[in-house]
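Please have a look at the model first.

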Amino acid sequence: MALAAEPQLDLQTLGHVERRVLWLATSLVHHANRVRENRSGVKVGGHQASSASMVSLMTALYFAHLEAPDRVSVKPHASPVLHAINHLLGRLDKRYLTTLREYGGLQSYPSRTKDPDPVDYSTGSVGLGATAPIWGALAHRYVAGHFDVPVGGRQIALIGDAELDEGACWEAIADPMVSKLGEVMWVVDLNRQSLDRVVPDIAAGRLASMFEAAGWHTVMVKYGPRLQRRPALRARIDAMPNEEYQRLLRADAPQLRERLEVDVSDLEDAELLATFRDLGGHDLATLIDGYRQADAVRDRPSVVFAYTIKGWRLPTEGHPANHSALLTPEQYRELAQQLGEDADDPWRPLEGREADLCEVTAKRLEREPPSAIAPPAVPPDLGREHSGRESTQQAFGRFFVDLAREAPEVAEHVVTVSPDVGTSTNLGGWINKAGIWNLGDRIDWFADDTDTLIRWRESDHGRHIELGIAEVNLVGLLGELGATWSRDGRPLLPVGTIYDPFVARALEPWSFGIYAGGQSILVGTPSGVTLGPEGGAHQSVITPSIGIEQPGCVAYEPAFGQDFEWCFLHALAQLGREGGTSAYFRLSTRPIDQTLHSGTRAEAIAGGYRLQPDESPDLAIAVMGALVPEAVAAADILRAEAGRRIEVVCITSADLLFRSFQARSGLGEGDPAVLERLFRPGVPIVSLLDGHPHTLSFLGGVGGRGVSCLGVRRFGQAGDIAELYEHHQIDAESVVGAALDLLG
Ligand SMILES: Cc1ncc(C[n+]2csc(CCOP(=O)(O)OP(=O)(O)O)c2C)c(N)n1
Ligand SMILES: [Mg+2]
């Protein structure tokens, strides 16, 4: 191997560091489970075998390949390896090595926001860590194309082989933009094992051809030098199923000789065992060579398939049930002996050439934190008259055009993303104005076609990013666009649009992006059964609850264009900063008479207002979103026909009202006064929304005289709005009936 001859790369020293990384990663988990006091009796856990599998990959990467601007996403259950390396590089104090999975200590899975040491990408939900560097690469290119920021850096994902079962991976790989990202490298830890089992038919060849079909460059790091020299044994291993190889990893030398049926008589026992497990993913020189092969191809992403052994060098090596297996204290001592370490002093520092290598590497990887530029000030108002009949989706469409005119600096920071629903979610006007962003110039074949709604003008300056119909990609990208303030020092204001029922599909990766520190606005539109003829497949029911329950996000469902404008501006002003907040807007295509509107901006952004106040009401109708006309009609009937005094309360955010509700009991950080301004004590409430009625059921604890919760509980179906409202009992008649029942 040519590399071994390179004077600057001392493979022996690197091997010693690799051994120390294995020792530290194993010790981190051992200490958390077997040494630290466990007060609750609940298993602490940690993944020694999954970590061991990646020790060589990561040692080679960090100590012999990585450069300062590069970003790395580490397979969640290899976090001990990352912390071990960070410690060796002087980025993590020794005192943290005993705190894995402890309150305030090292997190179970790499966390950008919660770990004390540098972590480029949060991981934990398999598949999402794999794709994060892809979205990170796109976000970085976007920022670099629009603002003056330091440019460059490779984007690397170290992933488990079973992680490739996740649809998120293939959804990302298939996007045409992704195949141009030469800075992306995935390294697959190919240990043929997942959590439960030895994966019977994981075949790198098949996977590689799938990557190649999508335009990726593939590199195989299959065998180390010992096996490279023995074609017959290699052929035998190539031909055996995964299960047999895994089984033979646990055979002793005589068993192995017998089962192999290949002439290995010239090999001593120890040499035979070492040769049989000589996979490329544990040979530092072969790995470094693989990384360099990946680097040599710059015009497309690369994937390196590195063959490894789960539990490498541990007593659990290759065992099908090793995923969460922990070394016993005896096994730990034996390991110490085998690695030349001290079980009673596991954290002692490296010395000599190994220490020098760590120091040189730390210097090479030193990265200045970006100087953060604050996001632009967002105005409270755009000055539009919301008159006539307007839906919130229309207001959304107009919003960006107004924003570009009234607050151009803010608009310059907005980036919209849509998974093939840009036009149907009403982004057309903005797209025409701002242009489509692409990695490079492409010819617009439709420029002279007067039939097309959108002038599909692509450039590297545009501010809309159009993805394929891939909701998981949408939110993956939103999360990274929302994190540029912390990575590149430049905030973006990312807004994604999606049909509301598909919010549920995008939810977990969107939530993970928020958890990881990215802030964005997700617009679910259109929503609810108000979609009418579109039918049940597109009518969302549970999303208002999602809005209340999602941490790090405020959910709004305004009824009027003016409220939408105020709330959306307010939400934009919370993005792109330390401690910022994401938002979710649930919008509708139902045109609503804007003359009904009455609240102030302060009330709208706080959660709601008295749309039709009454100083001494018999009952309040609390309505959210598109059903305001039904609430108003019901109030009119109750006043005219039953002689009742009715107050109508318009809710812009059930989420903020619930926060206010909690704050009344001293829980959380909401404003207790919000509910007091909306609801009077001793007044029964009928709540109404086009979504699940449980969303507003907490209002039962507000008036003190009972609540009747109207909303949608069943799957929808096609129909006219009036028919569907009656069917789901959210029409004015149903409100009247519920009110009269409550009033006795
Ligand atoms: C979305 C998601 N599903 C399931 C899990 C639970 N889980 C954690 S690791 C793992 C197996 C991963 O296998 P592989 O990627 O091959 O990694 P290895 O442990 O072999 O290194 C599973 C199923 C998870 N963390 N995230
Ligand atoms: Mg695996």
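The shell around ligand 1 divides into 3 nonpolar, 9 polar and 6 charged residues, where Ala, Val, Leu, Ile, Met, Phe, Trp, Tyr, Cys and Pro count as nonpolar, Asp, Glu, Lys and Arg as charged, and the others, Gly among them, as polar. This is a predicted model, in which local features need pLDDT of at least 70 and side-chain atom pairs count only at pLDDT 80 or more, while totals for chains, interfaces and linings use all residues. Residues are numbered from 1 along each chain as its sequence is written, chains are lettered from A and ligands numbered from 1 in the order in which they are written, and side-chain values use heavy atoms, with hydrogens and water left out.

As for polar contacts (pairs of N or O atoms within 3.5 Å), an oxygen atom of ligand 1 is 3.0 Å from a side-chain N or O atom of His77, and a nitrogen atom of ligand 1 lies 3.0 Å from a backbone N or O atom of Gly124. Taken alone, ligand 1 exposes 590 Å², of which the protein buries 75%, by the Shrake-Rupley method with a 1.4 Å probe.

Turning to the metal, the magnesium ion (ligand 2) is coordinated by Asp161 (OD), Asn191 (OD1) and Gln193 (O) at 2.0 to 2.1 Å; donors are N, O and S atoms within 2.8 Å of the metal (3.2 Å for Na, K and Ca), and with water not among the atoms, the site may look incomplete. Asp161 lies in the loop between strand 2 (155-160) and helix 5 (167-173), and Asn191 in the loop between strand 3 (184-190) and helix 6 (204-213), so the pair ties together parts that are 30 residues apart in sequence; helices (H or I, at least four residues) and strands (E, at least two) are DSSP runs.

Terms used
A polar contact is a pair of N or O atoms within 3.5 Å; within protein, one must be able to donate a hydrogen and the other to accept it, and residues adjacent in sequence count only if both atoms are side-chain atoms.
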